[in-house]
Amino acid sequence: MKKARRLLRPIGAVLATAAVLVALGFVERNVDRTPVSALKITVKGGEGVHFVDEAMVRRNVLDQGTSVMGVPLGDLDVPGIEERLRNDPSVASAEVYHTMDGVLHVSVVQREPVVRVFNQDGTSFYIDSEGWTMPTSAHYTARVLVVTGALNEPGVRDGVHSVYGPDSMQQVLLSDDIHRLAMHIRQDPLWNALIDQVVVDPYGDLELIPKVGAQRIMLGDGTELAPRFEKLRLFYRKGIPQADWRRYARIDLRFADQVVCTKRTTP
């Protein structure tokens, strides 16, 4: 009897497993036939960023003008929906999935611009926090650092690209320096509050334009950002309180271990 019981146990386990698999297959077939009954859309991103909204996401969920509402879950082209969403240059990532109750969940993360670049020819584009170019929007303008001057950066004319990409042209472009500068300013509360514009001169040097005062701060070629900004911080703490900052037309940070100031020639 004991031997028979030992033999029956694995048989019972096999039968139980088979029953579960059959039940799961039945449930899956039923779910596949369940029509889409609702859309639940979530749009995430940095605070105050509004390049993507629910209406835009809803439009991208439509395929050639045909709504997904009522479509059996098993007939949905989930990878295709995700690809359409990701093809939007303002979208960093997208995830689409459905639940057994017929709800189609769409989660989108917006890309977060940190700087806007204006070329000499009037074209402009953003660079996001990850170093990818992104186009401007006719419906929303991000309040970010602005860079102007002697620039002819490719932006998004040839498609969205990384400013750190393996491109031989990177040696003559400034977008990577601009992104590093924007991130450095953004991550420091003092500089983020003080500086909202940068001008690039014909030699590729960067000039900071503070929100207060009329000085131009000569930063240089975009290298050694940390020590140069630290010199500026010390100058504001110790140098400016001892003199009238309105007397200075230019603050030069390009020289090692010193800050060179040029006085105004007019009151």
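**Packing around Phe229**

Modeller: Setting aside neighbours within four places in sequence, Phe229 is in contact (heavy atoms within 4.5 Å) with Leu181, His184, Ile185, Trp191, Ile195, Leu208 and Leu219. This is a predicted model, in which local features need pLDDT of at least 70 and side-chain atom pairs count only at pLDDT 80 or more, while totals for chains, interfaces and linings use all residues. Residues are numbered from 1 along each chain as its sequence is written, and side-chain values use heavy atoms, with hydrogens and water left out.

Colleague: Which residues touch the most other members of the largest nonpolar core?

Modeller: Leu181 and Phe229, out of 31 residues in that core. A nonpolar core here is a set of buried Ala, Val, Leu, Ile, Met, Phe, Trp, Tyr and Cys residues joined through side-chain atoms within 4.5 Å. Buried means under 20% relative accessible area, exposed over 50%, and partly exposed in between, with a 1.4 Å probe and protein chains only.

Colleague: Which helix gives the most to this core?

Modeller: Helix α4 (residues 175-186), with 5 residues. Helices (H or I, at least four residues) and strands (E, at least two) are DSSP runs, numbered from the N terminus. Apart from this core lies another of 26 residues, including Val36 and Val108.

Colleague: Now rings. How many aromatic pairs does the structure hold?

Modeller: It holds 5. Rings of Phe, Tyr and Trp (its six-membered ring) pair if their centres lie within 6.5 Å; planes under 30 degrees apart count as stacked, over 60 as edge-to-face and the rest as tilted. The Phe51 and Tyr140 rings have centres 4.9 Å apart and planes at 90°, so that pair is edge-to-face.

Colleague: Where do Phe51 and Tyr140 lie?

Modeller: Phe51 is in the loop between β1 (38-44) and α2, and Tyr140 in the loop between β6 (133-134) and β7 (145-149), so the pair ties together parts that are 89 residues apart in sequence. Phe51 and Tyr140 are both buried.

Colleague: And Trp191 with Phe229: what are the ring distance and plane angle?

Modeller: Their centres are 5.2 Å apart and their planes at 50°, so the pair is tilted. Trp191 lies in helix α5 (residues 189-194) and Phe229 in helix α6 (residues 225-239), so this pair ties together parts that are 38 residues apart in sequence. Ring pairs also link Phe235 and Tyr236 into a cluster with Trp191 and Phe229.

Colleague: Different spot. Is Thr133 buried or exposed?

Modeller: Thr133 is buried, with a relative accessible area of 0%. Thr133 lies in strand β6, and its C-alpha atom is separated by 6.4 Å from that of Ser162, 29 residues apart along the chain.
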